[in-house]
Amino acid sequence: MARPNLKSLLRLSQFAVNLNLNKTTQLTNLSKSLITQNRNFSTSKIIRQDTSNNNAPATKINFYVEEYKDKGYMVLKFNKAPVNSLNLEFLTELNIQLDKIEQSKDIKGVILTSHLPNIFSAGLDILEMYQIKQERGTQFWTALQETWIKLYGSNKIFIAAINGHSPAGGCLLAMSCDYRIMTKGPYKIGLNETLLGIKAPFWFRDTMINTIGYRETEKALQLGKLYSPEEALAVNLVDEIVDANVLIQKAEEQMVKWCSIPTVARELTKSSMRRDTVSKLIAQRESDTQSFIEFTQRDSIQKSLKGYLEAMKKPKK
Ligand SMILES: CCCCCCCCCCC/C=C/C(=O)SCCNC(=O)CCNC(=O)[C@H](O)C(C)(C)COP(=O)(O)OP(=O)(O)OC[C@H]1O[C@@H](n2cnc3c(N)ncnc32)[C@H](O)[C@@H]1OP(=O)(O)O
């Protein structure tokens with residue numbers, strides 16, 4: 001398959017937020033068919049102008065939401081093809097979802113997973129960092145901080161059903177959950193930022209330390225280590241590995257277990273474990289954002305990101 005050059009890639013990224021109406025219709029049909037399977041299944045939509053054709057407004061569905069209010073939980077599925085990369089629009093919409101969840105009296109917990117096969121999330125959209133502009137970069141980083149604060153700091157139960165690759169920001173999302181189940185297979189999870197020539201922010205690092213401990217994090221971060229499911233299990237980066245066909249079932253079993261714990265006691269315990277880590281970022285949000293802008297604007301970082309983007313575009317053998 002012919003791969004686009006960098007210029008067309010950047011154009012693509014602008015247009016990637018739009019799918020054509022045909023695909024939208026297919027997705028709407030999918031959601032309808034799930035409703036007829038007696039599931040309370042709703043979709044979350046972003047509607048915006050498709051700049052490639054001013055007459056054709058397009059719809060993109062970034063998330064599927066299945067709510068089981070009678071059971072007290074929901075399943076939130078990422079659906080941003082091709083790899084659920086985290087850009088400003090996706091994060092903004094995720095933050096709205098997280099706000100709704102936090103405010104819901106009926107929902108005690110959420111299973112986070114991906115609707116796309118073989119990929120949980122490819123992490124931050126590298127195009128948000130490449131040729132970064134101050135205003136967009138600030139909005140992007142602020143939205144990412146917000147996602148992490150809402151997710152890591154939530155009192156609700158979050159279970160990650162990791163159905164594929166989960167590097168960098170994808171790993172951060174998974175680590176921010178309370179329990180992680182990963183599908184067996186040729187997938188990788190970890191904080192690989194150093195391989196892109198960038199440093200993992202302190203709150204990525206702290207989340208990893210809280211998950212797998214200091215020494216393992218020290219090695220993992222410097223090496224940019226991407227773990228196989230078996231390796232991830234061995235260091236407690238994930239709590240369980242299962243066959244793909246039982247992933248959601250296992251996540252639901254865990255959810256039932258976690259939901260059965262007295263809520264207030266569980267919430268107070270969770271918050272006592274995570275409060276200091278979250279407060280640290282809240283106290284430093286502005287300087288953290290400035291560091292991100294300053295760091296990513298450096299020529300050396302831009303060179304690394306350019307090389308990484310080009311390598312991703314090379315035809316695969
Ligand atoms: C003083 C200092 C203070 C602090 C400084 C802070 C500095 C910033 C710190 C930022 C922290 C960064 C966190 C991140 O998350 S960076 C992103 C890291 N992600 C990756 O490295 C993943 C890269 N992708 C892959 O490895 C593979 O795509 C993957 C294994 C996920 C899937 O493989 P698969 O073969 O299924 O798919 P393709 O590789 O063919 O990809 C399909 C298309 O998607 C594009 N793609 C993939 N990943 C990304 C991405 N992260 N962002 C944007 N685009 C991505 C890929 O190029 C393909 O595009 P085309 O179809 O157009 O070719």
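## Glutamine 131

Let's start with glutamine 131, which counts as partly exposed because its relative accessibility is 44%. (Buried means under 20% relative accessible area, exposed over 50%, and partly exposed in between, using a 1.4 Å probe and protein chains only.) Glutamine 131 sits in the loop between β5 (118-119) and α4 (134-152). Helices (H or I, at least four residues) and strands (E, at least two) are DSSP runs, numbered from the N terminus. The phi of glutamine 131 is near 50°, a positive value in a residue other than glycine.

## About the model

This is a predicted model, where local features need pLDDT of at least 70 and side-chain atom pairs count only at pLDDT 80 or more, while totals for chains, interfaces and linings use all residues. Residues are numbered from 1 along each chain as its sequence is written, and side-chain values use heavy atoms, with hydrogens and water left out.

## The loop between β3 and α3

Now for the loop between β3 (73-78) and α3 (88-103), which holds proline 82. A cis peptide bond, with omega about 5°, links alanine 81 to proline 82. Asparagine 84 lies in the loop between β3 and α3 too, and its phi is a positive value near 50° although the residue is not glycine. Asparagine 84 counts as buried because its relative accessibility is 0%.

## Alanine 234

Finally, look at alanine 234 in helix α8 (residues 229-234). With 65% relative accessibility, alanine 234 counts as exposed.
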